[in-house]
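Notebook open, model loaded. I wanted to look up a few local spots and jot down what I found.

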Amino acid sequence: MTKKSEGANEDQVKEPKRKIVPSKSQKEAKEVKSSEEEEDLLLDSGTDSDYDGDSLSGSLNSDDFDSEDDDDSHRETQDDEGSDEVVDSENGEEEDGSDDEGSEQREVAEESDSSEDEVAPRNTVGDVPLEWYKHEKHIGYDITGKKITKKEKQDKLDSFLATMDDSKNWRKVYDEYNDEEVELTKEESKLIRRMLKGEAPHADFDPYAPYVDWFKWDDAIHPLSSAPEPKRRFIPSKWEAKKVVKLVRAIRKGLIKFDKPEEEPNVYLLWGDDSASDQKSKHLTYIPPPKLKLPGHEESYNPSLEYIPSEEEKASYELMYEEDRPNFIPKRFTSLRSIPAYENALKESFDRCLDLYLCPRVRKKRINIDPESLKPKLPSRKDLRPYPNSCYLEYKGHTGPVTSISTELSGQWIASGSTDGSVRIWEVETGRCLKVWQFDEAVKCVAWNPLPDFPILAVAMGVDLFFLNTELGTDEEQQRIEELLRLENLPELDEAAAAIAKWLPDEKYRGIKIRHFKNLSYIDWHPRGDYLSAVMPGGETRGVVIHQLSAHSTKRLPIKMRGLPVCTLFHPNHRGIFIIATKKYVRVYNLHKNGEPIKKLETGLREISSMAIHPGGDNLVVGSKEGKMCWFDMDLSSKPYKILKNHPKDITNVGFHRSYPLFASCSEDSTAYVFHGKVYSDLNENPLIVPLEILRGHSSKGGVLDCKFHPRQPWLFTAGGDSVIKLYCH
């Protein structure tokens, strides 16, 4: 049996040290632990220079807890070194500690972890103020009722010397209640240090612990309390009503007085700004008059010498005009008493009043609107694909500007006419020139028959209109075309039609030639492929005629032409609707009712240059020679639905795609604009117009003279003044 119980006392418990011979790993662990504790204590330890000579030995500072005692670390290292000297036995077991004689056990007192709160106070005076014992020799009474005498206090010199000898003195706190000094442990000093920093006392406390919802909301189908609302919540409070009545009576009797608003002094800045004056608040439209120029150095009664003009300068002032002469000539006076009255004071005041009276000031209303908010919200161009955006192929062969192009219905061939007098047929996919016709005059316009069984090409130049056989169909189609183009028994034309046009056979190209009395500028096929309209701007009232290819006849329109015609169109869906564009207006006629006018579209343009109709037949696009393009919804109004200003120069042609929601315009600025134009079947929804792409590539010489869409693909053909035809694909 050990003798631990025999060595127990009231104040201290001693435990005999048992011999423990640590193993190598335990020894290394102890060395690492002791070195870490030593570094921690050395970093937190204070120096002797932290001592304040005027403070007592038991006083504490917040800075004292930021350091540890050097002596503490020294003592712990000595204890660790002493523990390393213990030798372990061979079997690693503990030796019996019963033999007190001859045993070399060293007793080490363990550091007590008990705090002052766990020990009962020895002073039993209770809550009696200690000031009562200030002049007494005792501090209180113990548990047996005997007086507890006070200890002798050291003077400042003795306390300073004790502090210099004992480096742990900064950890001692004087307990005034029990008249003793208490030494703080390392754990207690760490707690105080954390509390001084505003942290939690214990290091293992987590201030940001995750919130735990103890109530289960998943299965709750009823509220926490389903009690009905009490009646008092719906009845006005009687107590509040009595309180309000009491306050009202006190205010009426004058028992409760309110602070009167302070009266602002009626002062103003002599040279200040009138923008914040009372006049602005009284009158909504008040505008402060402009301020006069403040006097400078030259208006001083004693200016510098450089401001005073010489006699020569004064003489030069007399020679100037009155409006150029300076209003004030600086003078020098010795004192303020010698300054005379200003001779122009009354005149300048009168001029000032005239300026304010005869020059009224008006406040302009300015609306601050974000320019970005005015832009319409349009869909992204990526969502509107496909559309032509890059040049894929070039057709070269003409020597002059290409004035007109036309695509065949299947999209395999394209025809072009140029000012060099040649008409060419190209293969679209390869760019190969299939056939060439050479004429003596510049070609004005070419148009391909819209029927797939009749590959006939109409060419307008000068006063002549040619119907050419392209020889692209089958043998049966060629046989029908040859019969159609053979002039044998021509019908007799009336005098009016015979004076306008004359049908002649073309023996050179085995076609038909129609000679008009004026130069042609535009031709257009009917969707059925039998009728062809021809425009002669110089013909005035006879400027538009219609040729019937199957009957070999010409008809004059029963319409009184108003203005010079520019171009014509047949309605794609209604057979009898005919559209004529003059220089300023677009008129719609019904040919089945003897040319009855249906609608007149007011463009507001300076001069119309081209026109195209949507495949649906309800929307029309008109191009002008001022770079503007008008979109008309003919079912909506006779005014333009949209006016697009894109080109800086004249627009030469506009066109719609037959199947895709695309339309384009070309101009003399060598560019072609591609737009997304979707027409909805719902009449309550307006058409959607979105600009998509600007196509460049032609040289600036002549610009782009014509543009046509491919009938099946989202491709665009452009004819330029540089004698090149370009194909733009997506």
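This is a predicted model: local features need pLDDT of at least 70, side-chain atom pairs count only at pLDDT 80 or more; totals for chains, interfaces and linings use all residues.

Residues are numbered from 1 along each chain as its sequence is written, and side-chain values use heavy atoms, with hydrogens and water left out.

Entry 1, Asp722. I found Asp722 in the loop between β32 (716-720) and β33 (724-729); strands here are DSSP runs of E, at least two residues, and helices are runs of H or I, at least four, numbered from the N terminus. Asp722 is buried but has no salt bridge, and Lys726, the nearest side chain of opposite charge, is 5.8 Å away. Buried means under 20% relative accessible area, exposed over 50%, partly exposed in between (1.4 Å probe, protein chains only). A salt bridge needs a side-chain nitrogen of Lys or Arg within 4 Å of a carboxyl oxygen of Asp or Glu. I did see the Asp722 side chain reach the backbone nitrogen of Ser699 at 3.2 Å.

Ser723, in the loop between β32 and β33, has phi of about 65° although it is not a glycine. Ser723 is buried at 16% relative accessible area. Glu471 also has a positive phi, near 60°, but counts as partly exposed at 40% relative accessibility.

I noted a cis bond joining Arg385 and Pro386, with omega about 5°. Pro386 sits in the loop between α9 (371-374) and β5 (390-396).

Conventions
Lys and Arg count as positive and Asp and Glu as negative; His and the chain ends are not counted. A polar contact is a pair of N or O atoms within 3.5 Å; within protein, one must be able to donate a hydrogen and the other to accept it, and residues adjacent in sequence count only if both atoms are side-chain atoms.
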